[in-house]
Amino acid sequence: MADQQFEDMEAFLRVAKYTLVKYTDMHSEMKEEAMDICITAVEKYPNDGEKCTQMIKDQMDKKFGAPWHVVVGKGFSYEITYEVRNLLYIYVGGRTAVLLWKM
């Protein structure tokens with residue numbers, strides 16, 4: 001049974017190329033702009049997490065004021081402190097997670 005579940009998840013991740021919002025408390029306009037920035041960065045630098053995070057941080061700092069923090073990866077958990085209405089946690093392309101928050 002566990003093997004079947006794993007195979008189904010692998011198939012899902014290969015097919016799931018859309019963006020999945022796991023959690024956000026941002027206003028809708030800010031969320032849409034932040035998602036566009038994150039998607040663009042992940043697509044531009046699919047194998048370079050450092051450049052990807054730097055691009056997201058720089059654009060968010062310019063657009064919404066500093067300090068924004070970003071984590072991009074394929075397997076992590078988090079526990080953070082953040083300003084209310086300034087958190088976004090999404091999956092881009094099925095596997096790449098982006099955590100974006102402001103302190």
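**Close-up 1. Tyr 23 in strand β1 of the predicted model.** Strand β1 covers residues 20-24, and Tyr 23 belongs to this strand. Beyond its neighbours within four places in sequence, Tyr 23 is in contact with Tyr 82, Leu 87, Leu 88 and Tyr 89. Tyr 23 and Leu 99 are 76 residues apart along the chain, and their C-alpha atoms are separated by 9.4 Å.

**Close-up 2. Helix α2 and its buried residues.** Helix α2 spans residues 28-44. The buried residues of α2 are Met 30, Ala 34, Met 35, Ile 37, Cys 38, Ile 39, Ala 41 and Val 42. These buried residues pack against β1, α3, β2, β3 and β4 (96-102).

**Close-up 3. The cis peptide bond between Ala 66 and Pro 67.** Omega is about -5° for the bond that joins these two residues. Pro 67 is in the loop between α3 (49-64) and β2 (68-73). Most peptide bonds are trans.

**Close-up 4. Arg 85 in the loop between β2 and β3.** Strand β3, on one side of this loop, covers residues 87-92. Arg 85 is not a glycine, yet has a positive phi of about 70°. Most residues other than glycine have a negative phi. The relative accessibility of Arg 85 is 38%, so Arg 85 counts as partly exposed.

Technical notes: Residues numbered from 1 in each chain as written. Predicted model: local features only at pLDDT ≥ 70, side-chain atom pairs only at ≥ 80, totals over all residues. Heavy atoms only, no water. Helix = DSSP H or I, 4+ residues; strand = E, 2+ residues; numbered from the N terminus. Contact = heavy atoms within 4.5 Å. Buried < 20%, exposed > 50% of the residue type's maximum accessible area, 1.4 Å probe, protein only. Expected span 1.5 Å × (residues − 1).
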